[in-house]
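Biologist: I would like to learn how to read a structure feature by feature, taking the general idea before the particular case. Could we go through one together?

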Amino acid sequence: MEQVADRSGKTLGELTRLRRQVSYVKGRNRALKKALEGTSETLRAFVDSATDGFLLLDSDLNVVDVQRRALSTFGIRADDVFGKSLQNLLHRLGIDPASLRFKRLKKVLTTEESVVIDEIRVDTDKGPMWMTVKMFKVGEGVGIVVTFITERKLAEDVLRRSEAQLRLLSQRI
């Protein structure tokens, strides 16, 4: 029995098999795309709910992305940050850019070595805010994680005062 073929010489069976494969691949692509969209949303929700602040800078140290927590903690709007230089943002927040050791920050771009700066103090209208800043290379830019340590620093201060009072009491006995 002679098999029917199309102009390219493919038989009906081969065409059916190819059609099924194309359909499978299209379905798989749709499923992957949907999964990736969900992953992106899940990742954004995770980052936004984290207690640390996250910033992403491009290779010129301009702000590309900022997590919502960082925006609300510092009382700034996204429009005031995106596309602006990190130095501009720091001045806006009343943070001395020297405290981030900009030379070391720029070195992160070339050496890919991470930098950690512990105990940066920022005076705000609500009182002092303490933070630890970690900077690391991400793609062509820099990622920054800001860990807010104000509560820890206040607790340490209370402990120091308590210890000093206990010493005074023990000396009087």
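Biologist: With which residue does Arg161 form a salt bridge, and how far apart are the closest N and O atoms?

Modeller: A word on the source comes before that: this is a predicted model, in which local features need pLDDT of at least 70 and side-chain atom pairs count only at pLDDT 80 or more, whereas totals for chains, interfaces and linings use all residues. Residues are numbered from 1 along each chain as its sequence is written, and side-chain values use heavy atoms, with hydrogens and water left out. As a general idea, side chains of opposite charge can pair when their charged atoms come close. A salt bridge here is a side-chain nitrogen of Lys or Arg within 4 Å of a carboxyl oxygen of Asp or Glu. Arg161 pairs in this way with Asp157, and their closest N and O atoms are 3.0 Å apart. Both residues belong to helix 5, 4 residues apart, which is about one turn of the helix; helices (H or I, at least four residues) and strands (E, at least two) are DSSP runs, numbered from the N terminus.

Biologist: Is Arg77 buried or exposed?

Modeller: The scale is relative accessible area: buried means under 20%, exposed over 50%, and partly exposed in between (1.4 Å probe, protein chains only). Arg77 is exposed at 52%, whereas Arg152 is partly exposed at 37% and Glu156 is partly exposed at 25%.

Biologist: How many residues does the largest nonpolar core have?

Modeller: In soluble globular proteins, nonpolar side chains tend to be buried together. A nonpolar core is a set of buried Ala, Val, Leu, Ile, Met, Phe, Trp, Tyr and Cys residues joined through side-chain atoms within 4.5 Å. The largest one has 30 residues, and those with the most contacts inside it are Leu86, Leu89, Met131, Met135, Val142 and Ile144. Among the elements that give two or more residues to this core are helix 3 (86–93), strand 4 (127–138) and strand 5 (141–148). Ile144 touches Leu86, Val133 and Met135, among others, when residues up to four places away in sequence are not counted; contact means heavy atoms within 4.5 Å.

Biologist: Which residues of helix 3 are buried?

Modeller: Leu86, Leu89, Leu90 and Leu93 are buried there. Seen down the axis of helix 3, its buried residues fall within an arc of 100 degrees, so they line one face of the helix; the arc is that of the directions from the helix axis to the C-beta atoms. Just after helix 3, Gly94 takes a positive phi of about 75 degrees.

Biologist: Where do Leu61 and Glu112 lie?

Modeller: Leu61 is in the loop between strand 1 and strand 2, and its phi is near 65 degrees, a positive value in a residue other than glycine. Glu112 lies in the loop between helix 4 and strand 3, and its phi is also positive, about 65 degrees, although Glu112 is not a glycine. Leu61 is buried at 5% relative accessible area, whereas Glu112 is exposed at 55%.
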